[in-house]
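Good morning, everyone. Please look at the sequence and the structure on the screen while I go through a few of the features.

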Amino acid sequence: MRAAVVEQYKKPLVVENVPDPVDDAGGVIVDVKACGVCRSDWHGWRGEWPGFTGGDLPHTFGHEFVGVVSDAGKSVTQFKPGDRVIIPFTLGCGHCWFCRTGHSNVCPDITMPGFTYDGGFAEYVHVPNADSNVVPLPDAVSFQEAAGMGCRFMTAYHGVVEVGKVHPGDWLVVYGAGGVGLSATQIASGAGANVIAVDIADDKLDLARKVGAVETINSSTTEPIEAVRDITGGGADMSVDALGIPTTLRNAVGSLRRRGTHVQIGMTPEGEGGEVALTINDLITNEIDYRGSFGMPTVEFRYLLDQVSTGKLHPGDLVTRAIGLSDVNEALDNMTTYKTVGTSVVTDFTH
Ligand SMILES: [Zn+2]
Ligand SMILES: [Zn+2]
């Protein structure tokens, strides 16, 4: 099969023929029809997350894929060849306490296609424990739109709706108007929140307005915490840091009113080693509720997909380009310079 392979970190991916993945009894092989390109791929491509990838090269990234089942293992009961499917980027073991209670996204034995093994910048991908991990994709949702849900839309949905418990009328500030931030903006706005989007790029803020932000702040020219306090009359009810750099994380927490809720979705980059300093006494005395949010458990997909099928949510609005495998290089390069607007989705797996 064709795949876009990382042979050296930070060097262009090589589009080449590689062996097809092999199925097992509980798994399926997915014939990939579309795969989103994500900042997480960029982190991995730069070699920043050896804990996820095992540090072994060559490696095929791509964790935002959808397609059609081409082979189902002999113990798979819920899926058969020809089924349209979407794959969560976090796959659970299917039998631990967390998986059984609906929290497959925090399974201790998690696997992640495109990270812990070869993923969707390729024609075919193996998905283990299919009955508990694979999600049927409604006919009303196109492959390209579904890939646009990627990790960003599902991650934002889980973060805003399930982890953050957004309420209608909440002031919600979203730091970072990339894929996750724009998704969070659309989802929170759809849920009735007043969303303020913060970024350093006006074109991204324009897109944030198009998907529902009622206010935008360009933080390269305006001090965002004060601006949020002015707009909201004292601070946001909820903040989302969709980026994960120290500045956005601290500004997001600092933008909250007392008793506000912060949802951290963006992972910190290489230089921070996963650590960002916060003034803990402020969290205590202001009773700030700080929550981490990771991916989305399989069982929650139903709610998200039903809202997409009925036209209430539009993840396809965030897809700005359909590309071929070799174009992933340009998409990654644009992330290095923070030039990407919206999401690129691979739909051509021939070159
Ligand atoms: Zn599990
Ligand atoms: Zn992703």
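At what angle do α5 and helix α11 (residues 301-309) pack, and how far apart are their axes? The angle is about 130°, and the axes are 12 Å apart.

Before I continue, some conventions. This is a predicted model, in which local features need pLDDT of at least 70, side-chain atom pairs count only at pLDDT 80 or more, and totals for chains, interfaces and linings use all residues. Residues are numbered from 1 along each chain as its sequence is written, chains are lettered from A and ligands numbered from 1 in the order in which they are written, and side-chain values use heavy atoms, with hydrogens and water left out.

Let us return to the helices. Helices here are DSSP runs of H or I with at least four residues, strands are runs of E with at least two, and both are numbered from the N terminus. An axis is a line fitted to C-alpha atoms, for helices over the stretch in contact, and angles run from 0 to 180 degrees between N-to-C directions. Angles under 35 degrees count as roughly parallel, over 145 as roughly antiparallel, 65 to 115 as roughly perpendicular, and the rest as oblique. α5 and α11 are therefore oblique to each other. Their crossing is right-handed, a term used when the near helix is turned clockwise from the far one by less than a right angle; if it is turned anticlockwise, the crossing is left-handed.

Helix α5 (residues 143-163) also meets helix α6 (residues 179-190): the two axes come within 8 Å and cross at roughly 50°. That angle makes α5 oblique to α6, and this crossing is right-handed.

The next pair is helix α8 (residues 224-232) and helix α9 (residues 246-254), which pack at an angle of about 25° with their axes 9 Å apart. α8 is thus roughly parallel to α9, in a right-handed crossing.

I now turn to charged side chains. Why can such side chains pair? Side chains of opposite charge can do so when their charged atoms come close. A salt bridge here is a side-chain nitrogen of Lys or Arg within 4 Å of a carboxyl oxygen of Asp or Glu, and the structure holds 10 of them. One of these joins Glu48 to Arg46, at 3.3 Å from N to O. Are these two residues buried or exposed? Glu48 is buried at 13%, while Arg46 is partly exposed at 21%.

Another salt bridge links Glu162 and Lys165, whose closest N and O atoms are 3.6 Å apart. Glu162 is partly exposed at 30%, and Lys165 is partly exposed at 45%. Arg321 and Glu330 also form a salt bridge, at 4.0 Å from N to O. Here Arg321 is partly exposed at 32%, as is Glu330 at 41%.

Finally, consider Ile200. Where does this residue lie? Ile200 is in the loop between β9 (194-199) and α7 (202-210), and with a relative accessible area of 57% it is exposed. Ile200 and Pro50 are 150 residues apart in sequence, and their C-alpha atoms are 29 Å apart in space.

Thank you for your attention.

Conventions
Buried < 20%, exposed > 50% of the residue type's maximum accessible area, 1.4 Å probe, protein only.
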